Amino acid sequence: MTIQTSLQLFTIKDELEADLDGSLTAVAARGFTAVEPYDFVRRAEPLAAALSAAGLTAPSGHAFLASESFVNPDGSGTTVPVPTPVEVFEAAKVLGMGTVIDPYTEPARWESVEQIEETARLLNAAAEIGAGVGVRVGYHNHAHELEAVFDGVTGLEVLAGLLDERVVLEVDLYWVARGGVDPVALLERLGDRVIAVHAKDGTLDPALAGAYPPADQVAAGDGAVPLVEAIAAAPALELAIVEFDHYEGELFDAIERSRVYLDEKVAG
């Protein structure tokens, strides 16, 4: 199966808010043909137009499906209501998006198997709605789903075992490593469930990685995360997605270097 390289648009969130068309044109100029939008429901129409103008597609996107509200991962910001799954899928169709991935549930929801069962129930219910309109549902991890362990099994794997077979996973390889789990072994265990990865790299230096946002992230291939080996361990992978939570240097150069590395090592 061909693996397509994409860019999570959260990487350029400031540029996107300042100049939607210009920033997407800049992404295309760096060699990308696909992107992964976030917070797309409120701007589906203008975003679809801007993507089309830049020659970009959005095979996947991030939207909340198992939460009724959202607060930033560091606890800052205002809790805001999120769109319903029906509204999310309507926007996804406007964008030509085939897979909608829930990007985050808070660590407080990973303290018991019963809580994970509730998250699975919500994702399964969303998948039922999505199936009716031709949109697939997935879940994206951070570190806390791996740090939560129940009888020797990570929380993310507990969730995977509770999900409807139609629900897929997008594994963030950096956050898996940050959670103390071997990304290669994890993807081997998860098997065909994983259809996308965030091919995010970092030095994993504790002094830098512990900040929020993390300060250790580097271009793909420059860090300590075994991206190529992990991707090779995912037999059903469709998307290798570049993302930076934070980067101190020239962001668009790092984005392009990441794409080139992935295209050379794993895409196609």
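Me: Why does Y104 count as buried?

Reply: The model is a predicted one. In it, Y104 has a relative accessibility of 8%. Buried means under 20% relative accessible area, so Y104 counts as buried.

Me: Where is Y104 placed, and how far apart in space are Y104 and A66?

Reply: Y104 belongs to the loop between strand 6 (99-102) and helix 5. Its C-alpha atom is 8.7 Å from that of A66, although 38 residues separate the two in sequence.

Me: What makes D201 buried?

Reply: The relative accessible area of D201 is 2%. The limit for a buried residue is under 20%, and D201 is therefore buried. This residue is part of strand 12.

Me: Which residues is D201 in contact with, leaving aside neighbours within four places in sequence?

Reply: With those neighbours left aside, D201 is in contact with Y174, Q217, V218, A219, A220, G221, D222, G223, A224, V225 and L227. One of these contacts, V225, lies 24 residues from D201 along the chain, yet their C-alpha atoms are separated by 5.5 Å.

Me: Why is D39 called partly exposed?

Reply: The relative accessible area of D39 is 38%. Buried means under 20% and exposed means over 50%, with partly exposed in between; D39 is therefore partly exposed. D39 is found in the loop between strand 2 (35-36) and helix 3. Its phi is near 45°, a positive value in a residue other than glycine.

Me: What makes L204 partly exposed?

Reply: L204 has a relative accessible area of 27%. That class lies between the limits of 20% and 50%, so L204 is partly exposed. The residue lies in the loop between strand 12 (201-202) and helix 10, and its phi, near 65°, is positive in a residue other than glycine.

Me: What is the omega of the peptide bond from Y212 to P213, and where does P213 lie?

Reply: Omega is near -5° for the bond from Y212 to P213, and this peptide bond is cis. P213 lies in the loop between helix 10 (206-209) and strand 13 (217-218).

Me: Why are helix 7 and helix 9 called roughly parallel?

Reply: The axes of helix 7 (residues 155-162) and helix 9 (residues 183-190) cross at roughly 15° and come within 11 Å. Angles under 35 degrees count as roughly parallel, and the two helices are therefore roughly parallel to each other. The crossing of helix 7 with helix 9 is right-handed. Helix 7 contributes L156, E157 and A160 to the contact, and helix 9 contributes L186, R189 and L190. By class, the residues of this contact are 4 nonpolar, no polar and 2 charged.

Me: At what angle do the axes of helix 2 and helix 3 cross, and which residues make the contact?

Reply: The axes of helix 2 (residues 20-29) and helix 3 cross at roughly 35° and come within 9 Å. Helix 2 passes helix 3 in a right-handed crossing. On the side of helix 2 the contact is made by L20, D21, L24, T25 and A28, and on the side of helix 3 by P46, L47, A50, L51 and A54. Their classes are 8 nonpolar, 1 polar and 1 charged.

Me: How do helix 4 and helix 5 pack, and which residues meet?

Reply: Helix 4 (residues 85-94) packs with helix 5 (residues 113-133) at an angle of about 35°, and their axes are 10 Å apart. This crossing, too, is right-handed. P85, V86, F89 and K93 of helix 4 meet A126, I129, G130 and V133 of helix 5. The contact has 6 nonpolar, 1 polar and 1 charged residues.

Me: How many residues has the largest nonpolar core, and which have the most contacts inside it?

Reply: The largest nonpolar core has 82 residues, and L24, F40, V100, V171 and I231 have the most contacts inside it. Helix 3 (residues 44-54) supplies the largest share, 6 residues. Not counting residues up to four places away in sequence, I231 touches I3, L173, V197, A199, L237, A240, L262 and V266. Another core, of 5 residues, lies apart from the largest one and includes V168, I195, A196 and L239. In soluble globular proteins, nonpolar side chains tend to be buried together.

Technical notes: Residues are numbered from 1 along each chain as its sequence is written. This is a predicted model: local features need pLDDT of at least 70, side-chain atom pairs count only at pLDDT 80 or more; totals for chains, interfaces and linings use all residues. Side-chain values use heavy atoms; hydrogens and water are left out. Axes are lines fitted to C-alpha atoms, for helices over the stretch in contact, and angles run from 0 to 180 degrees between N-to-C directions. Helices (H or I, at least four residues) and strands (E, at least two) are DSSP runs, numbered from the N terminus. Angles under 35 degrees count as roughly parallel, over 145 as roughly antiparallel, 65 to 115 as roughly perpendicular and the rest as oblique. A crossing is left-handed if the near helix is turned anticlockwise from the far one by less than a right angle, and right-handed if clockwise. Contact means heavy atoms within 4.5 Å. Ala, Val, Leu, Ile, Met, Phe, Trp, Tyr, Cys and Pro count as nonpolar, Asp, Glu, Lys and Arg as charged, and the others, Gly among them, as polar. A nonpolar core is a set of buried Ala, Val, Leu, Ile, Met, Phe, Trp, Tyr and Cys residues joined through side-chain atoms within 4.5 Å. Buried means under 20% relative accessible area, exposed over 50%, partly exposed in between (1.4 Å probe, protein chains only).
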